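Student: I would like to learn how to read the features of a structure. Can you take me through one, step by step?

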Amino acid sequence: MILILRCLVKYQRAKPVIIDPGLYSNKKSDVFWVSQKRSVPTAYKLFTGSAWMMLSRSFVEYCLWGWDNLPRIVLMYYANFLSSPEGYFHTVICNADEFKNTTVNHDLHFISWDNPPKQHPHFLSIDDYERMVESHAPFARKFGADKELLDKIDSELLGREPDGFVTSNPLIAYMFIVSIFMKRK
């Protein structure tokens with residue numbers, strides 16, 4: 001199971017209560033922030049991370065069937081949480097005894113962030129190519145209209161002929177993933 005995790009959620013992010021107008025209105029609008037704060041749960045620890053993740057079938061079945069009720073309890077808490085996809089699965093998996101040691105703290109993406117405060121990724125350019133390849137991450141973001149970079153990825157990494165189809169072996173992504181796991185051992 002691959003999931004990027006950050007240590008405990010900053011409690012300030014976990015305390016606000018929000019009301020999603022999408023639950024009762026067919027018009028798009030911002031969430032309402034309620035002035036009252038809620039307490040942080042004590043029955044489980046809160047975790048957060050990337051909204052991009054790969055989840056195993058057995059873990060998804062656990063979330064659906066929840067044989068020990070943890071997924072439903074956590075879901076009730078995250079129902080009023082801004083950006084709940086960045087915390088729900090992370091919190092469930094890190095608190096479920098049978099899954100908490102099955103995570104990999106990496107979302108398999110190469111991202112060049114602004115520094116500080118790491119809020120927005122930069123558009124990748126040809127100058128990022130070497131770092132991107134050296135990262136061994138099979139995915140990357142954020143791509144703009146840098147045709148030179150995209151052409152280099154197509155030809156050198158994917159074996160694509162100009163104006164052709166990608167003919168690379170699908171095992172390439174598998175090899176990237178294996179190389180990431182091997183580097184971490």
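Student: Which residues do ring pairs link into a cluster?

Tutor: First, the general idea. A pair of aromatic rings is described by the distance of the centres and the angle of the planes. Here, ring pairs link F59, Y62, W67, Y77, Y78, Y88, F89 and F99 into a cluster. Keep in mind that this is a predicted model.

Student: How many aromatic pairs does the whole structure hold?

Tutor: A search of the whole structure finds eight. One of them joins Y62 and W67. Their ring centres are 4.9 Å apart, with 65° between the planes. That makes the pair edge-to-face, because planes over 60 degrees apart count that way.

Student: Are Y62 and W67 buried or exposed?

Tutor: Y62 is buried, at 1% relative accessibility. W67 is exposed, at 51%. The cut-off for exposed is over 50%.

Student: What about Y78 and Y88?

Tutor: They also form an edge-to-face pair, at 6.4 Å centre to centre and 80° between the planes. Y78 lies in helix α3 and Y88 in helix α4, which spans residues 88–95, so the pair ties together parts that are ten residues apart in sequence. Both Y78 and Y88 are buried.

Student: Which residues form the nonpolar patch on the surface?

Tutor: V60, L64, W65 and W67 form the patch. Together they have about 500 Å² of accessible area. W65 sits in helix α2 and is exposed, with a relative accessible area of 63%.

Student: Now charges. How do I read a salt bridge?

Tutor: Side chains of opposite charge can pair when their charged atoms come close. The cut-off used here is a nitrogen to oxygen distance within 4 Å. By this rule the count comes to four salt bridges.

Student: Where does D151 find its partner?

Tutor: D151 forms a salt bridge with K147, and the closest N and O atoms are 3.2 Å apart. The two residues are four apart in helix α6, so about one helical turn separates them. D151 is partly exposed, at 35% relative accessibility. K147 is exposed, at 56%.

Student: What does D154 touch, leaving out residues up to four places away in sequence?

Tutor: D154 touches G159 and R160. D154 lies in helix α6. At 17% relative accessibility, D154 counts as buried, because the cut-off for buried is under 20%.

Student: Where is H136, and what is its phi?

Tutor: H136 has a positive phi of about 60°, and it is not a glycine. It is found in the loop between α5 (129–135) and β6. H136 is partly exposed, with a relative accessible area of 29%.

Student: Which residues does a cis peptide bond join?

Tutor: The cis bond joins R141 and K142, with omega about 20°. K142 lies in the loop between β6 (139–141) and α6 (147–157).

Student: Last, cysteines. How many disulfides does the structure hold?

Tutor: A disulfide is a covalent bond between the sulfur atoms of two cysteines. The structure holds zero disulfides. Still, look at the cysteine positions. C63 is buried, with a relative accessible area of 13%. C94 is buried too, at 16%.

Key:
Residues numbered from 1 in each chain as written. Predicted model: local features only at pLDDT ≥ 70, side-chain atom pairs only at ≥ 80, totals over all residues. Heavy atoms only, no water. Disulfide = S-S within 2.5 Å. Buried < 20%, exposed > 50% of the residue type's maximum accessible area, 1.4 Å probe, protein only. Contact = heavy atoms within 4.5 Å. Patch = residues over 30% accessible without salt bridge, like charges linked within 9 Å, V, L, I, M, F, W, Y side chains within 5 Å. Areas by Shrake-Rupley, 256 points an atom, 1.4 Å probe, with all protein chains shown as cover. Salt bridge = Lys/Arg side-chain N within 4 Å of Asp/Glu carboxyl O. Phe/Tyr/Trp six-rings, centres within 6.5 Å; stacked < 30°, edge-to-face > 60°.
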